[in-house]
Amino acid sequence: MTKARKEPSLAHMVAMLLTQFTWRHWRQHPIRALLLLGLLSLGVGVFFSIRLANRAAVASFNNFAEAVTQQTDAVLSARAGTLPESILDVVQAELEGTGVEIIPVVEALGATPRTRETESIGSRGFYTVLGVDLVALQNYAAAKNKDRSWFGQPSPEAASKDVGEFWKVLNSEDAVFCAEPLTTRLAVGIGATIEVQMNDRLLVLQIAGIIPRRDDQPAPPDNLLVADLPVVQKLSGKIGQLDRIEFIFPPETSQSTSHSLLLAKLNRAAGESNLVRTPESRRNAAEVMTRGFRLNLTILSLIALLVGLYLIFQTLDAAVVRRRSEIAILRALGVAEKHVEWAWHAEALLLGVVGGVFGVCLGWGLAQGSVRLVSRTVNALYYANNVAAARLDAGEAAVAILLAVVVSLFAGWIPARQAASTPPAQLLASGTGLIGKRWPVWEPVAGLLLLAAAFFLALTPPIQLSQGGRFPLAGYFAALLGVIGAGVVAGSGLGILGRLLAPLSERSAVLELGSSHVKNPTGRHRWAVAGLLCAVAMTGGMSILVSSFEKSVIQWIQHTLQSDLYLTSDANQAATSNNHVPSATWRAICSKPEVADADTALIIPVTMNTGNLRLVGANLGFSQRHDQFTWVQPPDSALVFDNEKNQSLCVVSETYSNRFRVAKGGRVSIPTPNGMVSLEIAGVYTDYGDEQGVVFADAAHVSRWFNRDDVTTLALVLNPGFNADAFRDSLRREYPGVAVFTNMHLRGEVIRIFRQTFAITYALEGIGVVVALAGLGVTLASILAERRAELTTLRALGMTHNEIASTAAWEGGLLAVCGSVGGLLASLALGMLLIKVINKQTFGWTLQSAFPWRYLASLGLAVIACGGAVAWTVGRWGSALPADQEA
Amino acid sequence: MRTFLLTLALTFCFLKSPNQAEAAPAFTPLALFTEDGFKVPQPGNTFAFPKDHGSHPAFKVEWWYFTGHLWGPKNERYGFQFTFFRRAGTPVSDSKEPISERFQTREIHLLHLALLDVNSGKFIHSERMARAGWETESRVGNFYVRFGDTRAQMDDTDAQTISLSARIRNEASFNLKLRPKKPLVIFGENGISRKGDSPTAASWYLTYPRLEAAGTIVQGGVETPVKGQVWMDHEISSSQLTPDQSGWDWAGIQLDDGREIMSYRLRRKDGTTDPASSLVWVEKSGELTHKNAKEFQWEQGGKWKSPHSGAAYPLPAIIKTTDPSSGKELTLRLEPLLLDQELKSQLTGIPYWEGACQVIQDGKPVGSAYLELTGYAGSLQRALSP
C-alpha cells in the first residue's frame, strides 16, 4: 500500500517556480530585464512626480496664521473685498460667553524689489506679510514656542532692553518678524532691514526678530513676514479693514460649545455678504480652483504608463514564448495549470512592485523639477505660492506602487493564462506567443467599434462637480478608446503597407526581407505600432490643442490689448497678488498731457457658494470705444457702455457663462459691503485670461459698492505725437513702485506666461514618446529572438551583420512609419476632441483650430528616424548569434 | 497696594527733577512727572466719583483688583481673584493718532482670574493680555472694564453697586453682584500711598474693604448660588517700586468682628523691610489707623515650595501688630485654604502666590484673608518677555 502523496501548496510551488525558473531567465537577460523595469519605473515615476508636484502646489495654499497661532476651527471672510473692523463688535457680541478665541488677520502679498529695469512678470520672489495682533498673540504663544519668545530678541536676559523691545515693536510702523531660513538666505540679522514692494511703494522694514517656532506646528514658511496688525493695515492700505477673522473653538464640553452651534452663531454674525468656512473647506476651495488643471496634468502623466502597458504586455508574452519549452516540460512533469499561471502572476506582481519602488524613487527626483513647473503655473493662473521642493508622501507612493502593480498584473494576465492553458504538446510545437500569432480577421472590426464608441463618448456631457467644476470623464475615455481603436486599426493596416511597398523592395534582398515581415505582421508588430501610435497621437493631439490655444490667445490679445501703456503695482507677481495703485497715483497719471484716454480696472475676487469668480470694475465705455471685446453673445443695445445707465448691467466672460450656466439676459448677484447687488447680463465675451469666470461691471459703480478708489490696473491711450517708450521711462522714474508695460512688452509677457504654463505638458509628452520608442526596441528584440532560427539561416546564406541590421531597420522603420502616420492621423481627431470637448468641458473656452503642421511632420519624421535607428541597433544585436560568439 | 507685577515689569523709568510735591518727611518729595512723561499721583488730591472709579490714562499703570470669599448653600467654600491691569505705552499727550481705533497701541490690558474650590481642592486660573481696543476696554469717567466677555462695572453710582462676570476658559465662570458694606477708603498719608523713597514710587490707593457679594459660580455646567464678602482695590500710579526692592508681601484681612487690615511689606534685596511698608486698620466705622514699618512684623510660619516654579513661599504668613482698639499685641496667622494657589504667569514670566487664607488668632479662626507673595520665583525686575 502506497502512502497518498501530499500535493505541494500553491505558495510553495509558486515560490519554487519563481526561484528555479523565472529568476534564471531574468538573470540570463539582465539588459532586457533592466530596460523593462526602467520603462515601468519611468512611467510610474512620471505619474508619481506629477502627483507630488500637484500635492505640493495645493499644500502651499497655506493658512499662514496657523503658523503663528494655532490650528483654527473656522474662518470668516468677506465674499468680496475685505471685512470692516466693525464686524469684530458684531462677532464678539454673537460669541459672548462661548469661550471662542477671535483672531483678526490682515494679509498682504509683497514682492522682492525690482533688480532690473525690464523683467518678466512673476520672475521675482514674494512675501506673504501677515498682520496679527502681536499682543493678543502672546495668549497663544506663551510657553508654546519652542525656541524663542516674540519679544526681547536678541538678548532676553537684558531686562530693561526687553521692556524697550516690547514697546519699540508695538510702537514701530516698520517692525517685522521673519522666518529663520530667510535671515540665513539673505544673510541678515535682527535689526537689519528688508525691502518689500507693496502697492506702489517700496517698503523698508526692520527685522525685529525671528518668528518663534511652535511645538505643535510646522516651521513657518521662509517667505512669511509677520507684523503687528495695524502696521500691516497701514502698509497695505487697508486701514480699518481685515482680510479675515479666524476662530479657535473651545473643546466641545457642553451644548453651548457644540461646534455646529458655534458655526451657526458665526454664520449669523457673518450675514449674506460674508462667508464662514472651516480651514478644510478653505483649503478645499484652493483645491477646487486648481482641480481642472491638476486632473489634466495627472491624466497626461499617465501617457507614459499607458504606453508602458503595451510594453509590459509584449514583454511578458514574449517571455512565455521564450520559455515555452520549459513550461511544456513543467506541465509534462505534472505541474498543475494553476501553479504555472500563478507563477506568471507572481512574476508580474514582482515586476510591478520592483518597478513601482524604482518608479517612486525616480519620481521623487523628477518631482523636484516638475514641482517648479507646476508651481509657476499655479502662480501665474491661480494663487501665489513659492514651492521649491516636493515632499515625499507615503500615501502617494503607495498609490504609485499600487498602480505599477495593477498595470503589471493587468498586462501580464493574458500571457499568464496563455502559459497555463496551452497543452504541453502545442507549447512545444508552436513558435509564437499569443500576440506573436496572426490576429483574427475581426480585429479591424473591433478597432472600428472602439473608434465608434469613442465618437459617441465624445458627445457625452461632462460630470458636474462642486463649485461649478466639470470633469470630462467621457471625453477622456473617448480619447483612450480612440487611441486604442486607432492602434488596432493601424495594426491591421500594416499588411497593406507591406504589400504597397512590395514592388519597391524587389530590388533589394534586405528590403524584401524587411518588408516581408510587415506584409504578414504578427500581433507583436501590431502591438508595437499601437504603442507608438498611442504616444504620437497623444503628443500630436496635445500640440494641436496648444497651437489652437495659442492662436486664440494671440488673436484675443491683439483685440484686447490695444492701449499704448499698461500699469499695475510693481508688487503684482502672481495671479492672486492684490496690490493696488492708490487713487492719488493713478489720478495723477491719468491727468498727464500725454494721456488721451484711460481705463482703470479694479479686480475683486468673489467667493460664492456656487464657486469663485472675479469681479472687474472697469470703464465699459472705454472698452467699447477701443473695440476690446470679442463677443460670444453681443449686447443688444449700447446701454451697457453708458455708466449713467449701466448701474444694473454687466457683461460676463464665456467661462463664467459656461461654469454657472447663465447666458445673456440672466442675472448675477454680487455681494458687496453695501449689500447684494443684482446685475443683468447684457453680453458674453471671450476671455482667455481667466478660467474661473469674470463679471465685468462699470468701474464707477464697483468702486462705489466697495468704497474703493484704488485700482488694480490702468490702461493708457496716448495722444498722437507722444512716444510710448519715452513716456513709460518717465513714468517709471516718477513712480518706481508702479510697473509700466508697453503694449508690445505686455503682449510678449502674456504669450510667455502662456507658453510657460504648457512647459510641463511638453515634458510629459516627450517622456511618452521616449517610452514608446524604447518599447519599439524591446518589441523588435523579442521578434528577432523569436526568429533566431531564421537569422541563423540568413547568416549561413552569407548575410552580414550589417545586412541583418538593415533588414531589422527596414522592418522597424516600417512599423514606425505605420505608428507615426497612424498616430498623426489619430492626433488630428484627438486634437479636435481636446479642443472641442475636453477643453470646452473643463475650462469653457471656445478655441479656434490650429494645426502645427511643421511640428507634426517633424514629430512623425523624428519617430520614424528614431524607430529605424533603434531597430537597426536591435538588429545588429540580434544578428550576433551564438555561433558568431563561439567563432 | 496689590500685585505690582505689571508695574515692576513694565515701568523702570528715569526721574525728572524731584521736589515739587508735598510728601511725608521720611521720603524724597514726589515728582510731578516720570521721565517718560506720565503723571505722578500727588498728595491732597480731591477725588471725584464716579469719575475716579474709571480709568486714568494720564497715569502709566492702573488696576482694579477683586478678591473674595464665597460660600454655597451646602457649605461649599470658594475663593476668587479678578484683576484687570491697565498699562499705558505712551502718555496721552504724546500719543500719535492710532492707525486703528480697535488696534491702538496706547495701552495694553492684562486680566488675571483665579477660582479656588476649597472643598474639592481645585484651583484654576487664567491670564490674558490684549491691547486696548475691540477686545478690551477701560472707560474714562465711570467704572467699566471689559476683557472679552469678562467684565466689571459699577451699575449704580449712588448705591455703588458693582457687577462682576468672569470666565476662566470654559472650565468655570462666576457672576456676582457686589454692594459695599463699608464706604470707600483711601489709603496713605494725605491720600498718597508711598511705595519707596523714589520720587515717583507712589500711588492713589482706593479700596472697598468689604463688599457684600451674591451671585453664582458655574463649574462643569453646574451652577451654585453663592454669597460672601469681597475686597476691591483700585490703584493708580506711574511708577511704584525702587530698584533695591526684590518683592513684596500683601494681605487684605477681613476680620469677623467687622474690621479689616490692609498690610504690605516691601522687601529689600538685602532682606530688610523697606520703610515704606505699611499696615492699616479699618475700623467698623471706616476710620483708618496707620501703622508704619516699625509698628508691625511679618514672620514666616512655614515654607511651601512650588512644584511649578520651584519658588519657596513663606507660608503660612504671620503678622504681628497692635490692636488699636485694645492696645494689645496681636498675632494673626494667615493659613492658606490650599497651599498650591500659585499663579504661573506664563505671559509675564513672573509667577506669584495669591490665595485665600483662614485668619487664625490664638488657635481660633477670626476671619478671612487674601494673601499675595511676590518676588520669590526669581527677580521681579524682569522684562515683559512673554
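Residues count from 1 along each chain as its sequence is written, while chains are lettered from A, and ligands numbered from 1, in the order in which they are written. Because the model is predicted, local features need pLDDT of at least 70 and side-chain atom pairs count only at pLDDT 80 or more, whereas totals for chains, interfaces and linings use all residues.

**View 1. Chain A as a whole.** Of the 887 residues in chain A, 52% are buried. A buried residue has 20 or more other C-beta atoms within 10 Å of its own C-beta, with C-beta atoms placed from the backbone. Among contacts between residues at least 6 apart in sequence, 84% join residues at least 24 apart. A contact here means that C-beta atoms, placed from the backbone, lie within 7 Å.

**View 2. Domains 2 and 3 of chain A.** The assignment gives domain 1 (1-60 + 288-429), domain 2 (61-287) and domain 3 (571-736). These bounds come from an automatic or database domain assignment. Domain 2 puts 21 residues in contact with 27 residues of domain 3. On the domain 2 side, β3 (101-111) and β6 (193-198) each supply at least two residues. The largest share is three residues, from β3(A). By class, this side has ten nonpolar, seven polar and four charged residues. Nonpolar covers Ala, Val, Leu, Ile, Met, Phe, Trp, Tyr, Cys and Pro; charged covers Asp, Glu, Lys and Arg; the others, Gly among them, are polar.

**View 3. Helix α19 against helix α28 in chain A.** Helix α19 spans residues 523-560 and helix α28 residues 801-842. Their axes lie 5 Å apart, at an angle of about 40°. Axes are lines fitted to C-alpha atoms, for helices over the stretch in contact, and angles run from 0 to 180 degrees between N-to-C directions. α19(A) is therefore oblique to α28(A). Angles under 35 degrees are roughly parallel, over 145 roughly antiparallel, 65 to 115 roughly perpendicular, and the rest oblique. The crossing of α19(A) and α28(A) is right-handed. Right-handed means that the near helix is turned clockwise from the far one by less than a right angle; anticlockwise is left-handed. The contact has 19 nonpolar, eleven polar and no charged residues.

**View 4. Helix α18 against helix α28 in chain A.** Helix α18 covers residues 509-519. Its axis is 8 Å from that of α28(A), at about 40°. The two helices are therefore oblique to each other. α18(A) passes α28(A) in a right-handed crossing. Residues of α18(A) in the contact include Leu511(A), Gly514(A) and Val518(A). Those of α28(A) include Ser806(A), Trp810(A) and Leu814(A). The contact divides into six nonpolar, five polar and two charged residues.

**View 5. Helix α19 against helix α25 in chain A.** Helix α25 covers residues 743-757. The axes of α19(A) and α25(A) come within 11 Å and cross at roughly 160°. That makes α19(A) roughly antiparallel to α25(A). This crossing is right-handed. α19(A) contributes Glu550(A), Val553(A), Ile554(A) and Ile557(A). α25(A) contributes Arg747(A), Val750(A), Ile751(A) and Phe754(A). Six of these residues are nonpolar, none polar and two charged.

**View 6. Chain B as a whole.** Of its 386 residues, 53% count as buried. Residues 24 or more positions apart account for 58% of the contacts with a separation of 6 or more.

Notes. Helix = DSSP H or I, 4+ residues; strand = E, 2+ residues; numbered from the N terminus. Contact = placed C-beta atoms within 7 Å. Buried ≥ 20, exposed ≤ 12 C-beta atoms within 10 Å, placed from the backbone.
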